[in-house]
Amino acid sequence: PRMSLTCIPVLMGLFPCPGPHLHLSLTGAHSLCFNFTIKSWSRPGQPWCEAQVFMNKNLFLQYDSDSNMVKPLGLLGKKVNATSTWGELTQMMLLLDIKPQIKTSGPSTLQVEMLCQREAERCTGASWQFAINGEKCLLLDAMNMTWTVINHEASKIKETWKKDRGLEKYFRKLSVGDCDHWLREFSEQWEAMPEPTGN
């Protein structure tokens, strides 16, 4: 079967946010992380595509293809839901249409992490991680558009995607452009929230 990234929405914690390649260490640094799980098949009543969005490691948005709805979670989710950015974000999660094809020998699951980081009013990091059936295979540093093959079996996928300049530009636009824009907007909501009273 072929698996198409026709939906790229979130995951159930396969990748911690932020990933090991980006760290939040200084005051004023924020991260936005999208985790997506796309299944090549699913049983009736089970979603084939799921997504979660984290701001500074805090889950605040959730999506699955079964309900076809983006749900706000917690105080930040409620605050974001009341902004114009909410419309942009939900439209991306519902309509995102990336088309690389992955050939697999049987039912499989593709996990994708898109992460961006801002500090001192600028984007300081943006990346994509890809895993098939729980095994990390590819990393794209969207800041300098360099690919890292983690699993040698993913070399063909990397070469196919690297040849598709439109796809590379789309990955960069989403992570360095759109994600950074959303992160800037959400950071304002985050910083206006009351400090948590406990751990």
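Trp161, Lys162 and Lys163 of helix 3 are in contact with Arg165, Leu167, Glu168 and Phe171 of helix 4, where contact means heavy atoms within 4.5 Å. The residues of this contact between helix 3 and helix 4 divide into three nonpolar, no polar and four charged; in this grouping Ala, Val, Leu, Ile, Met, Phe, Trp, Tyr, Cys and Pro count as nonpolar, Asp, Glu, Lys and Arg as charged, and the others, Gly among them, as polar.

The structure is a predicted model, in which local features need pLDDT of at least 70 and side-chain atom pairs count only at pLDDT 80 or more, while totals for chains, interfaces and linings use all residues. Residues are numbered from 1 along each chain as its sequence is written, and side-chain values use heavy atoms, with hydrogens and water left out.

### Overall make-up

The secondary structure of the protein comes to four helices and 10 strands; helices (H or I, at least four residues) and strands (E, at least two) are DSSP runs, numbered from the N terminus. Read from the N terminus on, the elements follow the order β-β-β-β-β-α-α-β-β-β-β-β-α-α. Of the 199 residues in the protein, 49% are buried, with buried meaning under 20% relative accessible area, exposed over 50%, and partly exposed in between (1.4 Å probe, protein chains only). Among the contacts in the protein with a separation of 6 or more, 60% are between residues 24 or more positions apart.

The axes of helix 3 (residues 155–163) and helix 4 (residues 165–192) come within 5 Å and cross at roughly 90 degrees, and that makes helix 3 roughly perpendicular to helix 4. Axes here are lines fitted to C-alpha atoms, for helices over the stretch in contact, and angles run from 0 to 180 degrees between N-to-C directions; angles under 35 degrees count as roughly parallel, over 145 as roughly antiparallel, 65 to 115 as roughly perpendicular and the rest as oblique.

Within helix 3, the residues Ile157, Lys158 and Trp161 are buried.

In helix 1 (residues 74–81), the residues Leu76, Gly77 and Val80 are buried. Because the buried residues of helix 1 fall within an arc of 100 degrees when seen down its axis, they line one face of the helix.

### Cysteines

With a disulfide taken as a pair of cysteine sulfur atoms within 2.5 Å, the count comes to one disulfide. This disulfide joins cysteine 116 to cysteine 179, with an S to S distance of 2.2 Å, and links distant parts of the chain, given that cysteine 116 is in strand 7 (residues 109–119) and cysteine 179 is in helix 4, 63 residues apart. The link of cysteine 116 and cysteine 179 is left-handed, with -75 degrees about the S-S bond, and both of these cysteines are buried.

### Single positions

The table gives the relative accessibility of several residues.

| Residue | Relative accessibility | Class |
|---|---|---|
| Cysteine 49 | 0% | buried |
| Cysteine 137 | 5% | buried |
| Valine 53 | 0% | buried |
| Alanine 131 | 0% | buried |
| Asparagine 56 | 13% | buried |
| Lysine 57 | 57% | exposed |

Valine 53 is found in strand 3 (residues 49–55), and its C-alpha atom is separated by 9.8 Å from that of glycine 77, which is 24 residues apart from valine 53 along the chain. Alanine 131 has its place in strand 8 (residues 122–132); alanine 131 and glutamate 113 are 18 residues apart in sequence and 8.8 Å apart in space, C-alpha to C-alpha.

Asparagine 56 is found in the loop between strand 3 and strand 4 (58–64), and its phi is near 50 degrees, a positive value in a residue other than glycine. Lysine 57 also lies in the loop between strand 3 and strand 4, and although lysine 57 is not a glycine, it has a positive phi of about 75 degrees.

Methods
The arc is that of the directions from the helix axis to the C-beta atoms.
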